Amino acid sequence: MLAREQVLYTSSVTYCDPPESLLVQQFDIIYYNNNQSIFFNVSASSVEENVNVTASLLLNVYGIKPVNITIDLCDILGGALCPLPMYNFVGSDTLSLPSSVDIANNLPGIAFVIPDLEGYAQLSLNEVGTGALKACVQATLSNGWSMNQPSVSWTTAGITIATTAVAAWQSLSPTALLPFRLVDLLHLYQTIAASAFLNLNYPVVYRAYALNFAWALGLVHSTSMQSSIDSMRHRTGGNMANSTSSSAVEFVNRKYSPYNAVVTRGLPSAPGIADYKIFSTVATVTGTSSNVLDAGVPTYVNSVNIASANAFMTVFLCLLIFYAVAIGVFALIYAVLFVLQRLNPSQSDRYVEHRVRYPAFVRAWTLRLVLMTIFPIIVFAFFQWTLKDSWVPVLLSVISVLAICGGLGYAVFVTMREARRSTPYSLYSRPELLSSYGPLYAQYLNPRYFYFLIPLAAIVLRSVFISFGHADGLPQIILLMILELAVLTSILVLRPHKTRGADVFSSFLAIIRLVCTGLLIAFLERLNVSPIPRVAIGIVMAVIFSVTVIVVLINLVLHSGVNRLWSRRKSSDSDSTVHQESSAEDNGMLEKDEQKNRLFSTHSRPGNSTPERSVPLDPEINQPYPPITPTTGNIASTHLGNMPRRWSITPPTSPTDSIDSPTSPTHIDSQPENGHEQHLSH
């Protein structure tokens, strides 16, 4: 409602200076564009006597400052705030801005409709006479629109679950493409989310968009889970900040979005006031505060109300639940097969065969689950190793990395060993190998079976660049661009897939990753790109990734069996059309025959089948065929060798015609069988 009325309002509040004489509990400001007025609602308490202050209000939107006014508090609310009362007070009022403050011309109209507005309002209280700063409060602005929509997360997750069910059914054929496309879809979701992990000045709109896919990394917020992790960390030597329900924007470095400015009027911390001390519900965040969130992973995970030190444990517990559910589903399917075998003794052999093949099915899907979850486990385990906190998450991260890399490494070892002992063809010809380890290589050509090593290496390198290179965004972008370019080059050069369409699809995904990684250059802090161009580039990246998701979903639909149902329907429609045409043609022939019968019935007809008069034949034509010698051409064919003799007569054509004709004997002789040649004579 507020967003549709073209208003801007405060969404989060922090101190921009350690409070000295004023403690703020509430700071709400609403700007109405229709009548150029400001409504404020302030709840605060003063701790000093006889303090008269003036209020300076600054409004910053995308680096533009349309409002910068100073108000004497003695002139409003009937002087109730002059001097500041020594008790908790609540004041609210609506002020019409003077005509000299022309916000309509200074503030672009798109600020009221663009999602995830980047702006803040700052209120500074200065003592009358001395000008000493008594309080400084900042509040971010919002217009009610955002790219982070829970419906997007639920929809993408629901599509993934539905695709998993269909892919599980199709995976009974190890070479089915839908299970591979399912892994590609999860990797795309993870790529979008991880694109906001670098040490860059991301626009808020793009970070909000990337948060829609946090679930694909296992970043699912649960208040009880976060409380348990906080308690565990502090009992095992952890001293980092806990997770909170407040917005992460409050603790973002002021030189990054949505502030886009460094507060220069901040004072050093007062004695006895810690940087992270909370006064009521308002935190103190200054240029020298230790509670400022670093760009990249810390800002991203705190945006879903998960503390930086809790990131790995959250992913670990969520994926542990995920694997537990998968084990339960595997056990349930096996139990169903066992019960069906008992209930249907007549089909016992069929269910026994399914139970014998079931372990290979479980191994294959376990391998697919590992491929889906290896990136979040590795990237957050590496990130945990960069923190100096509790030893328990570090120990569990080491165990997790060893477990997932050990299981995947064993599958890789078995695959490579079989290819070296025998031939790559044996990987595709032995059903026990193809059914168990096919998720690694079954989508590739026999000579390119090893190509799966390149995507696996790319996953590990991305994790290393993101986690261990978090100090500077420029090396991260350079290394990631080199990596994505190498992956794209490998696809274009090797063409590893079995079909051209699969190569085009993989090339498309690689190009998207390369292009979007290149666009991240605009978010480098050292380039000092203006907020509006950065926001535009962030929206472009969101559109590119959204279109890519749609393309992948369409590809999933095409490989889910819908195309075969459509082809079958078209075939049935074609058959019915042909049947109708043939019926109509038969009816037409019957009508013609009836017409002929009626026509001939009116004329006399000879009693025998000989002509009424005999015509002597030409003596030159009425002669037997001369004997023909066998042709010099040899005809060898698996089909002609078993043909009846009456079909093996060479037509009386010239040698030139026989050579030119695609059905001539010399043309058929292109594939001899077992070296035998069949000579056809007349």
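Me: Helices (H or I, at least four residues) and strands (E, at least two) are DSSP runs, numbered from the N terminus. How many helices and strands does the secondary structure of the chain come to?

Reply: This is a predicted model, in which local features need pLDDT of at least 70 and side-chain atom pairs count only at pLDDT 80 or more, while totals for chains, interfaces and linings use all residues. Residues are numbered from 1 along each chain as its sequence is written, and side-chain values use heavy atoms, without hydrogens and water. Counted by the DSSP runs, the chain contains 17 helices and 10 strands.

Me: What pLDDT does the chain average?

Reply: The pLDDT is the predictor's confidence in each residue, from 0 to 100. A score of at least 70 is reached by 77% of the residues. The pLDDT stays under 50 over residues 263-280, and it is below 50 over residues 631-682 as well. The average over the chain is 80.

Me: What percentage of the 682 residues in the chain is buried?

Reply: A residue is buried under 20% relative accessible area, exposed over 50% and partly exposed in between (1.4 Å probe, protein chains only). By this rule, the buried share of the 682 residues is 44%.

Me: Which strand pairs with β1 over six bridges?

Reply: Two strands pair if DSSP finds at least two bridges between them. Strand β1 (residues 7-15) has seven of its nine residues buried, and it pairs with β2 (residues 22-32) in the antiparallel sense over three bridges. Two bridges in the parallel sense join β1 to β10 (residues 282-284). Six antiparallel bridges join β1 to another strand, β8.

Me: Why is strand β3 described as largely enclosed by the rest of the structure?

Reply: Strand β3 (residues 37-46) pairs with β2 in the antiparallel sense over 10 bridges, and nine antiparallel bridges join β3 to β6 (residues 88-96). Gln-26 stands opposite Ser-43 in β3, while Phe-40 stands opposite Asp-93 in β6. Strand β3 is largely enclosed because, of its 10 residues, the number buried is nine.

Me: At what angle do helices α8 and α9 pack?

Reply: Axes are lines fitted to C-alpha atoms, for helices over the stretch in contact, and angles run from 0 to 180 degrees between N-to-C directions. Helix α8 (residues 348-385) and helix α9 (residues 391-421) have their axes 9 Å apart. The angle between these helices is about 145 degrees.

Me: Which helices do the buried residues of α11 pack against?

Reply: Helix α11 (residues 431-441) is largely enclosed by the rest of the structure, because eight of its 11 residues are buried. Among these buried residues are Leu-433, Ser-436 and Tyr-441. They pack against α3 (178-194), α8, α9 and α10 (424-429).

Me: Is Asp-116 buried or exposed?

Reply: Most residues other than glycine have a negative phi, and most peptide bonds are trans. Asp-116, in the loop between α1 (103-106) and β7 (119-127), has a positive phi of about 55 degrees although it is not a glycine. With a relative accessible area of 11%, Asp-116 is buried.

Me: What is the omega of the cis peptide bond that joins Ser-257 and Pro-258?

Reply: Pro-258 lies in the loop between α5 (223-235) and β9 (278-279). The peptide bond from Ser-257 to Pro-258 is cis, and its omega is about 10 degrees.

Methods
Contact means heavy atoms within 4.5 Å.
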